[in-house]
Amino acid sequence: MTFDPETATFLIAGPVRIHPRVLRAMSMSSLNHRGEFFHGVVREIRELLPVAFGTTGHQVVLSGSGTAGLEAMYSSLLPREGRILVLSNGNFGERGDQIVRRYATHVTTLTAPWGQPITPSAVRVELERGDVSAVCAVYNETSVGLTNDLAGISAEVRRAGSPMLLVDGISAVAGIPIDIRGWGIDAIVGGPQKGLASPAGLALVHLSDRAREALHPGTFYLDLKAHLAPLEKNDTPWTPAVPLFLALREALLLLREEGLENRLARTRRLAEATRAATAALGLELFPDPTHASDTVTAIRNPAGMGDPEIRKVLEKEYNILLQGGQGALTGKIFRIGHMGIAEWPDLLVTFAALERILGKADRLPTPGAALRAIVDRMP
Ligand code: PLP
């Protein structure tokens, strides 16, 4: 077998596989982005976005990948007074910290080792030092396959008098439960290429009423006020990425057909099966297992085996694409994304191939056990 991107079992940590309906929706000739047809597309997206966020609010789609959404959020919302508290325990926490520091000077970064959660009690200690006007958190740290306890962290934020809570939810939206209103989230950014299974290149931003009021000009292109105003007329301030909007509408329709609760439940069941199958292979999760993410599983490479022995073989011999580690974790872990429209056959094929690879290397504790672990968890 050779690698074929069109037919591969595609389980990287996002972008994820895209449904053919979404692919077809993109295949249109140019549209007049100021015309009635496209305004109808934007209107429908606005109507559908609450399905992904699980609540209504001020919601906008930006042309530009998830990072553009983060830059829009931080540049338009970071208070100019007080101290900004950034929570960082992975590659995306570090990147968020870099963005925040472009727009704020009084910044404290609370870190935890990669793979360990940021605990609510550590956040409380920082908040009790006083003068915090905003807390910036990554909910699901894709780089290490870890979900921070945002419910617990947000409770501390509320206890401290509710400084702004700004969240990178790029690999969380439509992947894991988020109680935006209950947790008092002021702004959250989602990425369409993760739980929504739409192409990369857009950012979805949800704002609370309080955040809407607090918007101030930051960058020109990503000024959230400039994006929200024309939305009243289903318009965008600049030329939008029209094919990606068409794709997003279809992906949101698919989500509505499945139902957000059902998508989250399926994602969780696939994650549980992945973790059980990983243990059956004799492999270890990278993150603290009590905080393992349900959208992406990060697994330590077994001793003496790295990307050339595992991921490259999966790709070349079995047409399966998984993701490696980022930064300091390059060559140390591999990651399986099981969000969006991932399904049981994806896991069966992947773990069958992993069994074969480890078996050939004489590293497989119990042949068949990983597949059994998956089969036993199938509906
Ligand atoms: N934050 C998180 C948690 C992510 O998973 C990603 C992408 O994987 C990003 C930020 C960056 O998003 P993008 O690559 O779409 O700019």
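**Contacts around the ligand**

Reader: Which polar side-chain atom lies 2.6 Å from a nitrogen atom of the ligand?
Author: One from Asp-168. That is a polar contact, meaning a pair of N or O atoms within 3.5 Å. The model is predicted, with local features needing pLDDT of at least 70 and side-chain atom pairs pLDDT 80 or more, while totals for chains, interfaces and linings use all residues. Numbering runs from 1 along each chain as its sequence is written, and side-chain values use heavy atoms, without hydrogens or water.

Reader: And what lies 2.5 Å from an oxygen atom of the ligand?
Author: A polar side-chain atom of Ser-65. Gly-66 uses its backbone instead: an N or O atom there is 2.9 Å from a ligand oxygen.

Reader: How much of the ligand does the protein bury?
Author: 87% of the 390 Å² that the ligand exposes when taken alone, by the Shrake-Rupley method with a 1.4 Å probe.

Reader: Which elements give two or more residues to the shell around the ligand?
Author: Helix 3 (66-77) and helix 4 (91-103). Helices here are DSSP runs of H or I, at least four residues, numbered from the N terminus.

Reader: Which residues surround the ligand?
Author: Ser-65, Gly-66, Thr-67, Phe-92, Arg-95, Asn-140, Thr-142, Asp-168, Ile-170, Gln-193 and Lys-194. To be near, a residue needs a heavy atom within 4 Å.

Reader: Changing topic, how do the shell residues divide by class?
Author: Six are polar, three charged and two nonpolar. Asp, Glu, Lys and Arg count as charged, Ala, Val, Leu, Ile, Met, Phe, Trp, Tyr, Cys and Pro as nonpolar, and the others, Gly among them, as polar.

How values were computed: Polar contact = N/O pair within 3.5 Å; in protein donor to acceptor, adjacent residues only side chain to side chain.
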